[in-house]
Amino acid sequence: MAQCEVCQHALVARGAGLHCPACGQDYREQARCPDCGQPLEILKACGAVDYFCPHGDGLIAKKRVTLSLVPR
């Protein structure tokens, strides 16, 4: 379970993101490259989701993607 970076309380799903009911902070998840740490482009087609690193690492396997929380 993800925790709020501000107050460390558990986050709950809200719409397409996450919300902290304790302090009101909203977050979204961001896919990052496990090799360079930069944000990934998300490619969606025919129900499949692929991740591409535009910084030189190419296609990244879904199980290697690192998800981080970004405040909204």
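Biologist: Which pattern does the protein chain follow along the sequence?

Modeller: In this predicted model, local features need pLDDT of at least 70, side-chain atom pairs count only at pLDDT 80 or more, and totals for chains, interfaces and linings use all residues. Residues are numbered from 1 along each chain as its sequence is written, and side-chain values use heavy atoms, with hydrogens and water left out. Helices (H or I, at least four residues) and strands (E, at least two) are DSSP runs numbered from the N terminus. The chain has 0 helices and 7 strands, and its pattern reads β-β-β-β-β-β-β.

Biologist: Which residues make up the largest nonpolar core?

Modeller: A nonpolar core is a set of buried (under 20% relative accessible area, 1.4 Å probe, protein chains only) Ala, Val, Leu, Ile, Met, Phe, Trp, Tyr and Cys residues joined through side-chain atoms within 4.5 Å. Of the 72 residues of the chain, 22% count as buried. The largest core has 7 members: Ala31, Cys33, Leu40, Tyr51, Cys53, Ile60 and Val65.

Biologist: Which residues does cysteine 53 touch, not counting those up to four places away in sequence?

Modeller: Contact means heavy atoms within 4.5 Å. Cys53 belongs to the largest nonpolar core. With that sequence exclusion, its partners are Cys33, Cys36, Leu40, Gly58 and Ile60.

Biologist: What radius of gyration does the protein chain have?

Modeller: The radius is taken over C-alpha atoms, and the globule rule is 2.2 Å times the number of residues to the power 0.38. The C-alpha trace spans about 40 × 30 × 20 Å along its principal axes. A compact globule of 72 residues would have a radius near 11 Å, whereas this chain has 14 Å.

Definitions and conventions
Buried means under 20% relative accessible area, exposed over 50%, partly exposed in between (1.4 Å probe, protein chains only).
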